[in-house]
Amino acid sequence: MNPTRRRARAGRWFIAPNLAAVAVFMAFPLAFSLYMSFQRWDLFTAPTFVGVTNFRDLFAHDPLFGIAVRNTTVFTVGTVVPTVLISLAVAGFLNRKIKGIGLFRAIAFIPLAVSSVVIAVVWQFVFNTDSGLLNIMLGWFGISPVPWLTEPHWAMASLCLVSVWKSVPFATVILLAAMQGVPDSLHEAARIDGAGEVRRFVSITVPMIRGALWFVVVISVINAFQAFDLVYVLTGSSGGPETGTYVLAIMLFQHAFAFLDFGYASALAWVMFAVLLVLTVIQLRLSRRNAVDQ
């Protein structure tokens, strides 16, 4: 056998297990969920074809869908914007060559090693209205207890705060790695010209890491849009007080596992997928356009 063909055949055998795993755990579930989005199925009876009824009911007859979209949008903006800004500042600080910076880096990355559920449980104790650590500290300054998880607006703000705390370490890792690839000669030239540290960061570092910055934005939007575990543990499966934290992932969970309406849940899942796909394509095109402009 020709050596080239032999190597090609060996390569196909090497990737065959991965292709099989993709087919079983990704391609088949995706195809099955798309098929179920046109069915009505409660898990115990045979699926019934209903066409686009699930999608029509979702957009035209379900008032909770609008609430979920609004809450998801607020949560996404309230998470992504602070995450990007804070991670930029933290990465800029950790990129400095100062004594003991390794310790600060290790502390900053601790949340990466902790499960989301564990994080949510710990913050649930912190936000407790009667005996939570945060309200106890506020009491030292004469401030009355705040209903962090029992009032709609405070519940969403608390959820965003925890999500930012959880998301910043990952974003910081990406941005810090990009910052360490910026040539020192650029900073040295700007320093000789009299540019201060903040000016160098804004005019040199940020433009040079724009690709990593856009990657962080895309990943942060996807993670925020799909948020479930933090919302579920902190505010419950009903969407928090007065549906204040009723996001799309909670709505999908309810219809699939509480109401056993898997067809409707599949339709909602594909709507979420379509929205994320559009947002990702827009962000990637903007990042490419910025890269060309550079």
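Does leucine 260 count as buried, partly exposed or exposed, and at what relative accessibility? Leucine 260 counts as partly exposed, at 26% relative accessibility. The cut-offs are these: buried is under 20% relative accessible area, exposed is over 50%, and partly exposed lies in between, with a 1.4 Å probe and protein chains only.

This is a predicted model, in which local features need pLDDT of at least 70, side-chain atom pairs count only at pLDDT 80 or more, and totals for chains, interfaces and linings use all residues. Residues are numbered from 1 along each chain as its sequence is written, and side-chain values use heavy atoms, with hydrogens and water left out.

Start with the whole chain. The protein chain has 13 helices and two strands. Both are DSSP runs numbered from the N terminus: helices are H or I with at least four residues, strands are E with at least two. The C-alpha trace spans about 80 × 75 × 35 Å along its principal axes. The chain has 294 residues, and 36% of them count as buried. Take the contacts between residues at least 6 apart in sequence: 64% of them join residues at least 24 apart. Contact here means heavy atoms within 4.5 Å.

Now the helix packing. Helix α3 (residues 63-94) packs with helix α7 (residues 152-179) at an angle of about 40 degrees. Their axes are 6 Å apart. Axes are lines fitted to C-alpha atoms, for helices over the stretch in contact, and angles between N-to-C directions run from 0 to 180 degrees. α3 and α7 are therefore oblique to each other. On this scale, under 35 degrees is roughly parallel, over 145 roughly antiparallel, 65 to 115 roughly perpendicular, and the rest oblique. α3 passes α7 in a right-handed crossing. A crossing is right-handed if the near helix is turned clockwise from the far one by less than a right angle, and left-handed if anticlockwise. The residues of the α3 and α7 contact divide into 17 nonpolar, nine polar and no charged. Nonpolar covers Ala, Val, Leu, Ile, Met, Phe, Trp, Tyr, Cys and Pro; charged covers Asp, Glu, Lys and Arg; the others, Gly among them, are polar.

α8 passes α9 in a right-handed crossing. From α8, the contact takes in Leu186, His187, Ala190 and Arg191. From α9 come Arg200, Ile204, Thr205 and Met208. By class, this contact has four nonpolar, two polar and two charged residues.

Next, the aromatic rings. A pair of aromatic rings is described by the distance of the centres and the angle of the planes. Rings of Phe, Tyr and Trp (its six-membered ring) pair if their centres lie within 6.5 Å; planes under 30 degrees apart count as stacked, over 60 as edge-to-face, and the rest as tilted. The structure holds 16 aromatic pairs. In one of them, phenylalanine 32 and tyrosine 35 have ring centres 6.4 Å apart and planes at 40 degrees, so the pair is tilted. These two residues are three apart in helix α1 (residues 3-36), which separates them by about one helical turn. Phenylalanine 32 is partly exposed at 34% relative accessibility. Tyrosine 35 is also partly exposed, at 45%.

Tryptophan 41 and phenylalanine 262 form another tilted pair, with centres 5.7 Å apart and planes at 45 degrees. Tryptophan 41 lies in the loop between β1 (39-40) and β2 (48-49), and phenylalanine 262 in helix α13 (residues 262-293), so the pair ties together parts 221 residues apart in sequence. Both residues are buried. Ring pairs link a cluster whose members include Phe28, Phe32, Tyr35, Trp41 and Phe262.

Phenylalanine 127 sits elsewhere, in the loop between α5 (116-126) and α6 (133-139). Its C-alpha is 40 Å from that of phenylalanine 32, and the two are 95 residues apart in sequence. Phenylalanine 127 is buried, at 1% relative accessibility. Leaving aside neighbours within four places in sequence, its contacts include Trp148, Leu149 and Leu161.

Last, the backbone. Leucine 260 is in the loop between α12 and α13. Its phi is positive, about 55 degrees, although it is not a glycine. Threonine 243 has a positive phi near 55 degrees. Threonine 243 is in the loop between α11 (229-235) and α12 (248-258). Threonine 243 is partly exposed, with a relative accessible area of 23%.
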